[in-house]
Amino acid sequence: MKKTLSCVVVLLGLGLGASAVRAAAVDDLLAAYTKAGAGPFDAAAGKKLFTEVHKAKRKPIERRCVMCHTTNLRATGKHFRTGKRIKPMAPSVNPRRFTKVRKFKKWLRRNCKWTIGRLCTAQEKGDLLTFLRAQ
Amino acid sequence: MNARSPMKSGQCLADRPAVEDVKVWDLPTRLFHWMLVAAFLVGWLSRANDQYLDVHAFFGTLALALILWRIVWGLGGGHYARFSEFVYGWRVVRDYIGGLLRGGAPRYLGHNPIGGWAVLALLAVALVICVSGLAVLAGDEGHGILSGLMSPAAGLAAKALHRVLAWGMVALVAVHVAGVVVESRVHRENLVAAMIHGRKHARPGTPPSAAHRGVGYALLITVLVAAAVYFSGYLLTPAGQRYRPFIGVTLASNPTWSSECGDCHVAYHPSLLPARSWAKLLAHQDDHFGEDLALEPDTLKVLAKFAAAHSADAHESEPARKIDASIRPGDTPLRITATPYWRAKHDHIPKRAWKLAEIGSKGNCAACHADAKGGGFEDSGMRLPVDLDEHK
């Protein structure tokens, strides 16, 4: 009984610890954006950025984040060109989302450039992250 | 009894005394004949079709086994099946031809002289076709009994021989069929039926061939068991997975390559493009088909090293060799689907197939190729995931 109890405690601790780490990555990013002069962050603004149409010069002319990530962030997405399956964006379904700062930075850089045509500002990044982490 | 003594020239069938049905072709011989027909037919129909190479290889190997068996049977088997019974010298053949042309050829109970030579020719050509086929399988694909003994170049040479002889066999078969028809007409008997039930009209008292039923059944059962074992993979593979009859060498992998390149599409194995193509792609990562990859320098280094070590130039696989050979020396294709070899292999797929939801694009190798991830792209490992006719 004692052994089981201590196992449960350890696991609980790890779980809490993991979510603490998760939260840490997101908080680190938000802190960095705030430091750059952005804030307060607005999830609704993030959602708008994520779903609205952005016009590009090359085909496809109309680009949206949801083209690949779909409007239901809990669902598996699909790369609109290659068909590659993309794991859900929502951390509630895919706990590994937003746990690595490096990864988030890479994708935001690549995908902002492609979708919007430029790098996202610190404000936009903060809004997006605030919106996405709550899904 | 001398089975070689034909009826006297000019002796009309109507003048003969009563005839009786005599078993001439024993069961093993008849089974052999029709199994070889089936094997050649299936082999012919599945020719030059990568998707059915496993079927083609099975029936080719079956044909080889049958021919080797027939040679043994011809040396020590059933009476009329023995080579000594129907293989004649040139003089007899010449006289027989002369007799045919004059309209008065003698009738032979077993194979007639030309038929005898035709049998040898068919067996010989088929034998070389089968052996050369094994050489192709070994050199070109790296599989089968001879694998390890044939270089890719030898495999290609064997392929040329294999193809020429296959057409030669078709011609021989045509001659054989014509001969059977002519002989049947001339001597007013149904030789095809005779090869099915084995019986022919003969003078009373002609001893029949022994039935050799046991040998016949053993032959048939062996073939069926071999087929069941060979194709059992299709039944034993769990649902959702595709059976891969050919599994080649495992190509090198790299976790950085797999995760970075596999982010948006199949992580194309470097063996699918020459080194200069990968170098160009990585040098222009800011415009990777419209995207800025923005990979960090140390990541790029790892990717560049892996690509250079295992590009198509290294010839580590069949696709690598053939893609590399097909690209003109001055060209630097940036798309695998732009290489001449890829185009040649996929031009039979209708354009609308690429747009289907299950496939998506030409770049989605994994939609059809079970081993796309590893880079092997073995024959018989591909299937169209949809029935194209349903998507008209």
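A disulfide joins C112(A) to C120(A), with the two sulfurs 1.9 Å apart. The structure you are looking at is a predicted model, and this pair makes up the one disulfide counted over all chains.

**The cysteines**

- The link of C112(A) and C120(A) is left-handed, with -90° about the S-S bond.
- C112(A) has a relative accessibility of 5%, so it counts as buried.
- C65(A) is in no disulfide. The nearest cysteine sulfur to it belongs to C112(A), 7.1 Å away, whereas a disulfide needs sulfur atoms within 2.5 Å.
- C65(A) is itself buried, at 16% relative accessibility.
- Over in chain B, C130(B) is buried as well, with a relative accessible area of 10%.

**The fold of chain A**

- Chain A has five helices and four strands, and read along the sequence they follow the pattern α-α-β-β-α-β-β-α-α.
- Of the 135 residues in chain A, 32% count as buried.
- Among the contacts in chain A with a separation of 6 or more, 51% come from residues 24 or more positions apart.
- D27(A) and T130(A) give an example of two residues separated along the chain: they are 103 residues apart in sequence, and their C-alpha atoms are 9.9 Å apart in space.
- D27(A) sits in helix α1 of chain A, which covers residues 2-35. With a relative accessible area of 37%, D27(A) is partly exposed.
- The peptide bond from K59(A) to P60(A) is cis, with omega near -5°. To find P60(A), look in the loop between β1 (54-55) and β2 (62-63) of chain A.

**Helix α1 against helix α2 in chain B**

- Helix α1(B) (residues 27-45) and helix α2(B) (residues 53-76) pack at an angle of about 150°, and their axes are 9 Å apart.
- Since angles over 145 degrees count as roughly antiparallel, α1(B) is roughly antiparallel to α2(B).
- The crossing of these two helices, α1(B) and α2(B), is left-handed.
- On the α1(B) side, the residues that meet α2(B) include F32(B), M35(B), L36(B) and V42(B). On the α2(B) side, those taking part include F59(B), L62(B), L66(B), W69(B) and W73(B).
- By class, the contact of α1(B) with α2(B) has 14 nonpolar, three polar and one charged residues.

**Helix α1 against helix α8 in chain B**

- Helix α1(B) also packs with helix α8(B) (residues 213-236), at an angle of about 30° and with the axes 7 Å apart.
- Angles under 35 degrees count as roughly parallel, so α1(B) is roughly parallel to α8(B).
- L27(B), P28(B), L31(B), F32(B) and M35(B) make the contact from α1(B). Their counterparts in α8(B) are R213(B), V215(B), G216(B), Y217(B), L219(B), L220(B) and V223(B).
- Sorted by class, the contact of α1(B) with α8(B) has 10 nonpolar, one polar and one charged residues.

**Residues to look up in chain B**

- H111(B) is found in the loop between α4 (90-102) and α5 (113-141) of chain B. With a relative accessible area of 19%, H111(B) is buried, given that buried means under 20%.
- Leaving aside neighbours within four places in sequence, H111(B) is in contact with W25(B), F86(B), Y88(B), G116(B), V119(B) and M195(B).
- F289(B) is not a glycine, yet its phi is positive, near 50°. It lies in the loop between α10 (275-283) and α11 (297-310) of chain B, where F289(B) is partly exposed, with a relative accessible area of 30%.
- F377(B), also not a glycine, has a positive phi of about 50°. F377(B) lies in the segment after α13 (340-346) of chain B and counts as buried, at 14% relative accessibility.

How values were computed
Residues numbered from 1 in each chain as written. Chains lettered and ligands numbered in written order. Predicted model: local features only at pLDDT ≥ 70, side-chain atom pairs only at ≥ 80, totals over all residues. Heavy atoms only, no water. Buried < 20%, exposed > 50% of the residue type's maximum accessible area, 1.4 Å probe, protein only. Axes fitted to C-alpha atoms, helices over the stretch in contact; angles between N-to-C directions. Parallel < 35°, antiparallel > 145°, perpendicular 65-115°, else oblique. Left-handed = near helix turned anticlockwise from the far one by under 90°. Contact = heavy atoms within 4.5 Å. Nonpolar A, V, L, I, M, F, W, Y, C, P; charged D, E, K, R; others polar.
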